[in-house]
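I opened this notebook page to look up the charged side-chain pairs. The entries follow the order in which I checked them.

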Amino acid sequence: MSDTGSVIIYLEIVIYLLAMLAIGVYFSRKKLDHDDYFIGGNKLPGWALAFSERATGESAYMFLGAVGFIYVTGLSGIWILSGMFLGVVCSWIFLAKRFMNERKKYDVYTLPDYLAVKFPKHSTIIRVLSAFIMGTFSIFYIAGQFSGTGKTLYSISGVDITLGTVVIAAIIIAYSCMGGFMSVVWTDTVQSFLMVLTFIIVPIVAFGQIQNQDLSISQSLVEMGNGADDWFGGLTGLALGVMLMTNLSWFFGWLGGQPQLSSRFMALTNEKELRTAKWVAFIWTLIVYVGAFLVGIFGSILYKKGTISDAEMVLPYMVSDLLPPWVAGIIVSSILAAIMSTASSQLLVVTTSVSEDIIHKSMGIKMKSSTLVRLSRFVVVIAGILGLIISFWSESVIYGVVSFAWAGIGNTFSAVILLIFFWRKTSGIGVIATIITGFISAILWTISPLESILSAKFSTFFICLIAGIAFSLLFPDHSEGRP
């Protein structure tokens, strides 16, 4: 790419980053109480919450990890997206309304606080355990996103990975710190539009390039080998079953267990806003997932194995190679948007876990609303710095880091939420057992040889579910102790 082209891309990225920072500055000048800072104060429209939930849900793993996975595996990569799509649909249809109503009923701001008030006899340990585990795994999630920003900027412009990571991380920390939930949702809304634009433009341009080069899609997939031309990867029997279970296992993490997503459901104000949000979420997800699949497949046809050393960089490579600089700058900004939206939301998970759930509620330290907001802003900065340090220390690829965090948070708390929402016999001890089991099993399974056979994203959910049911039956709650 020419020097002029690089300057155009740099300029557009800078404009985008300054716009995100401006949103944070705007909300920092407003008088925000802790209700506004944590969950929007019932002031956010449903469509904005839907865009925010979707932008937050689709992070570096969609633009870099999932697309790279499809680029390597071929048609069978469809099952990862299928599992995630089913999870998104089920969460909006079966869980969103329940979260909205439960948040109003119990007047809570966070997922740990909700779990605690449901089981008052065990509230302190449930709140602390939940907050600790969500905060811990969220730090790793944040690290994965920060790592993605550095890799993206380097692949497009050659900017030093460390420098790029630090600059983007600083901006994310700044606008998250200043405006809390309000600024995160509105920055997410802008970012979600850019993300949709990417997965409309890039597949169309890539397909045009395939036609211009007179390439055969089916023949190219056959030449890739390893079952790339088969929807089931050429696998049969037990191997096929394991592959499907591993890829579809992303489904379980969407079922209410991701606090950064559940908070969007909790922030909905009424059923009219919920209906609007639901359709926005469905249409957005369909466009992005189909586009992501086509980018991965078309990328594998245009760029044979060995052309791109890091499969997770296939989308940035295509953007740089196929698009004019002024369009490439917008698309690079959208990749950064996907990463930044998730990182900022995870920062809020950490800060609410520490300031609201542990310091304010569990330790019982009384403070004014304005003081709580200042404390939360301080926690955002500390959490961001920790995530940045881990992103440099860890050599794990984005897909692996996010997969690990997905099992530790998503699968564990999805099991908890489903038990509470749909099984009245769930007890406080059962919830505690589920949380502890999920935390331990996600770590042990991931580092064991079992992970190469069956993903922790699948196993953790069912291990947690069994633990929750067993301990609820062994140690039932008395009905008068449960609201």
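Which side chain meets that of Lys-97 in a salt bridge? I found that the partner is Glu-271, at 3.2 Å from N to O. I note that the model is a predicted one.

Entry on location. I placed Lys-97 in helix α5 (residues 78-106) and Glu-271 in helix α12 (residues 271-302), so this pair ties together parts that are 174 residues apart in sequence. I then looked up accessibility for both partners. Lys-97 has a relative accessibility of 37% and counts as partly exposed. Glu-271, at 39%, also counts as partly exposed.

Entry on the total. How many salt bridges does the structure hold? I recorded seven.

Entry on Arg-103. I found its side chain in a salt bridge with that of Asp-107, at 3.6 Å from N to O.

Entry on Asp-113. I found that its side chain meets that of Arg-127 in a salt bridge of 2.8 Å, N to O. Asp-113 belongs to helix α6 (residues 111-118) and Arg-127 to helix α7 (residues 123-157), so the pair ties together parts that are 14 residues apart in sequence. I checked the accessible area of each partner. Asp-113 is buried at a relative accessible area of 1%, and Arg-127 is buried at 8%.

Notes:
Residues numbered from 1 in each chain as written. Predicted model: local features only at pLDDT ≥ 70, side-chain atom pairs only at ≥ 80, totals over all residues. Heavy atoms only, no water. Salt bridge = Lys/Arg side-chain N within 4 Å of Asp/Glu carboxyl O. Helix = DSSP H or I, 4+ residues; strand = E, 2+ residues; numbered from the N terminus. Buried < 20%, exposed > 50% of the residue type's maximum accessible area, 1.4 Å probe, protein only.
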